[in-house]
Amino acid sequence: DGVAKDAKVTETGKETLEIDGRKVDGDVKSYEVPGRTFKIWWNKDLPFGFAKCSSGDETTTLLKSKETLEIASKKYDCSVWETKRGETTVKTWRCAEFPGTVVRIEETVKGGATVKIEASSLTEGK
């Protein structure tokens, strides 16, 4: 499941999240490793097997399992993730078929200032 082998499960439970405009149930596990605790929301039917991860003041959540973006006349089916860290929110559009997996990033900071970075072309190596 991608969790370190030395991680100790400290708590388990259930939680419902809204993904793609629908309610999805999942298993929640809290883990502890030396110097760090984190919580993961699991659902094996989702593309990555999980939809939420939190540690300290940072939480990453799956908002959409599929949103299509067009880059250089090619369409990419992306998952949309949102990370909240303090007063900053970062949305990322990820696609396994796209080099580096990140197709778009939007970062919004306190006060509403937003930075948007998006791939506009794709150059394939030989």
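**Labels and their cut-offs**

Author: Start with serine 54, which touches Thr37, Phe38, Lys39 and Thr59 when residues up to four places away in sequence are not counted. Contact here means heavy atoms within 4.5 Å. This is a predicted model, where local features need pLDDT of at least 70 and side-chain atom pairs count only at pLDDT 80 or more, while totals for chains, interfaces and linings use all residues. Residues are numbered from 1 along each chain as its sequence is written, and side-chain values use heavy atoms, with hydrogens and water left out.

Reader: Why does serine 54 count as buried?

Author: Buried means under 20% relative accessible area, exposed means over 50%, and partly exposed lies in between (1.4 Å probe, protein chains only). Serine 54 has 19% relative accessibility, so serine 54 counts as buried. Serine 54 lies in strand β4.

Reader: What makes cysteine 53 partly exposed?

Author: Its relative accessibility is 23%, so cysteine 53 counts as partly exposed. Cysteine 78 has 1% and therefore counts as buried.

Reader: How do you know that cysteine 78 is in no disulfide?

Author: A disulfide is a pair of cysteine sulfur atoms within 2.5 Å. The nearest cysteine sulfur to cysteine 78 belongs to cysteine 95 and is 5.0 Å away. The structure holds 0 disulfides.

Reader: What makes strands count as paired?

Author: Two strands pair if DSSP finds at least two bridges between them. Strands are DSSP runs of E, at least two residues long, and helices are runs of H or I, at least four; both are numbered from the N terminus. Strands β5 (residues 58-71) and β6 (residues 74-85) are joined by 11 bridges and run antiparallel. Threonine 59 stands opposite lysine 84 in β6. β3 and β4 (residues 50-55) pair in the antiparallel sense over 4 bridges. There, tryptophan 41 has lysine 52 in β4 as its bridge partner.

Reader: What joins strand β2 to strand β3?

Author: There are 7 bridges between β2 (residues 22-33) and β3 (residues 36-42), which run antiparallel. Aspartate 27 stands opposite tryptophan 42 in β3. β2 and β3 form a hairpin with 2 residues between them. In the turn, glycine 35 has a positive phi of about 85 degrees.

Reader: In what order do the 9 strands form the open sheet?

Author: The order is β1-β2-β3-β4-β5-β6-β7-β8-β9, with antiparallel pairing. β1 (8-19) and β9 (114-118) are the edge strands, since each pairs on one side only.

Reader: What makes the largest nonpolar core a core?

Author: A nonpolar core is a set of buried Ala, Val, Leu, Ile, Met, Phe, Trp, Tyr and Cys residues joined through side-chain atoms within 4.5 Å. The largest one has 10 residues, including Leu69, Ile71, Tyr76, Cys78 and Trp93. β5 and β6 each supply at least two residues of this core. β6 gives the most, with 3 residues. Apart from this core lies another, of 9 residues, among them Ile19, Val28, Trp41 and Trp81.

Reader: Is valine 9 buried, exposed or partly exposed?

Author: Its relative accessible area is 41%, so valine 9 is partly exposed. Valine 9 lies in strand β1. Leaving aside neighbours within four places in sequence, valine 9 is in contact with Ser30 and Tyr31. Valine 9 and glutamate 32 are 23 residues apart in sequence and 6.5 Å apart in space, C-alpha to C-alpha.
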